[in-house]
Amino acid sequence: MARFRFYPETSFWRRLGDPVNQDLRKATYQLLRSIKKQDRVLTSKLVLLELSEVPDQDERRHIMRRLWDARPKMVTTSRRAERIALELLEAGGWGEEGFADMLHVSYSMLSEVDALVTWDQGDLARDHTRRIVQAYGRRERLSVPLIGTPEEVAQWLGRRIR
Amino acid sequence: MARAKDPLIADVKRIRRKISRRLMDAHHRGRLHEELLAMERQGERAYREAVNGSKAGNGKHRK
């Protein structure tokens with residue numbers, strides 16, 4: 001039985017094909033191996049759409065096959081998910097270009113995952129975003145995921161990935 | 001939203017801004033849900049092609 005539920009967003013999957021930063025790529029693989037063994041991976045069709053834009057065909061195929069190997073549960077959009085994303089966007093004051101970020105947050109809340117895993121420390125894995133999501137979740141009585149990098153998530157779970 | 005310096009993140013954010021603009025444009029026209037469903041189908045097709053190594057809709061996609 002799965003212990004935790006994870007929603008790794010696109011930057012996590014992209015890192016699996018990262019030819020530049022070997023350390024972060026290794027950390028990503030290590031967390032993926034760990035969660036594949038004992039946890040549940042969720043993804044969304046929005047992640048698939050974002051991955052479909054990876055310019056290099058071999059890299060795109062490699063990443064998508066790693067995603068496939070994780071046997072993810074697929075999340076599809078809903079009008080409720082879209083409304084939540086719009087409300088989060090307004091609450092955080094991010095502007096319209098942040099809408100897709102908030103869709104990922106919305107999907108992870110509605111799917112009741114334990115953690116949204118991301119390498120995006122500029123926008124998602126930062127205290128401001130966590131505060132907004134937590135306040136919104138509390139007000140709307142929604143599940144609030146941890147939002148963190150693979151290293152942070154591994155630390156929260158007490159797992160070693162480096 | 002803040003810009004990232006990591007080139008991989010910068011590319012993810014570039015793609016995401018493009019998707020966000022398209023979706024918000026649809027939202028202003030009252031067509032957000034329909035547009036997002038259409039975009040999801042596009043992503044799913046690419047996924048099937050990548051994992052099957054052949055054209056989408058050939059029935060080989062794992063249920």
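**Reading a predicted model: sheet, core and rings**

Reader: How many of the five residues of strand β2 (residues 40-44) of chain A are buried?

Author: Four of the five are buried, and strand β2 of chain A is thus mostly covered. Buried means under 20% relative accessible area, exposed means over 50%, and partly exposed lies in between, with a 1.4 Å probe and protein chains only. Strands (E, at least two residues) and helices (H or I, at least four) are DSSP runs numbered from the N terminus. The model is predicted: local features need pLDDT of at least 70, side-chain atom pairs count only at pLDDT 80 or more, and totals for chains, interfaces and linings use all residues. Residues are numbered from 1 along each chain as its sequence is written, chains are lettered from A and ligands numbered from 1 in the order in which they are written, and side-chain values use heavy atoms, with hydrogens and water left out.

Reader: What is the strand order of the open sheet in chain A, and in which sense do its strands pair?

Author: Strands of a sheet pair through backbone hydrogen bonds, either parallel or antiparallel. Two strands count as paired if DSSP finds at least two bridges between them. In chain A five strands form an open sheet in the order β3-β2-β1-β4-β5, with parallel pairing. Because β3 (73-75) and β5 (146-148) of chain A each have a single partner strand, they stand at the edges, and one side of each lacks a neighbour in the sheet. On average, neighbouring strands of this sheet are turned by 30 degrees against each other, direction ignored; the axes are lines fitted to C-alpha atoms, for helices over the stretch in contact, and angles run from 0 to 180 degrees between N-to-C directions.

Reader: Which residue in β2(A) is the bridge partner of A:F6?

Author: A:F6 has A:V41 as its bridge partner in β2(A). Two bridges join β1(A) and β2(A) in the parallel sense. On to the next pair: β2(A) and β3(A) run parallel and share three bridges, with A:L42 bridged to A:K73 in β3(A). Strand β1 (residues 5-8) of chain A also pairs with β4 (residues 115-117) of chain A, in the parallel sense over three bridges. There A:Y7 stands opposite A:L116.

Reader: Which residues have the most contacts inside the largest nonpolar core?

Author: In soluble globular proteins, nonpolar side chains tend to be buried together. A nonpolar core is a set of buried Ala, Val, Leu, Ile, Met, Phe, Trp, Tyr and Cys residues joined through side-chain atoms within 4.5 Å. The largest one here has 66 residues, and A:W13 and A:L88 have the most contacts inside it. Contact means heavy atoms within 4.5 Å. Apart from neighbours within four places in sequence, the contacts of A:L88 include A:W94, A:M102, A:I132 and A:Y136. A:W94 and A:M102 are also among the residues touched by A:T129, again not counting residues up to four places away in sequence. A:T129 belongs to helix α7 of chain A and counts as buried because its relative accessibility is 0%.

Reader: How many aromatic pairs does the structure hold over all chains?

Author: A pair of aromatic rings is described by the distance of the centres and the angle of the planes. Rings of Phe, Tyr and Trp (its six-membered ring) pair if their centres lie within 6.5 Å; planes under 30 degrees apart count as stacked, over 60 as edge-to-face and the rest as tilted. There are three such pairs over all chains. One of them, A:F12 with A:W13, is edge-to-face, at 5.2 Å centre to centre and 85 degrees between the planes. Both A:F12 and A:W13 are buried. The rings of A:W68 and B:Y47 have centres 6.1 Å apart and planes at 55 degrees, so this pair is tilted. A:W68 lies in helix α4 (residues 57-69) of chain A and B:Y47 in helix α2 (residues 32-52) of chain B, so the pair joins two chains. A:W68 and B:Y47 are both buried.
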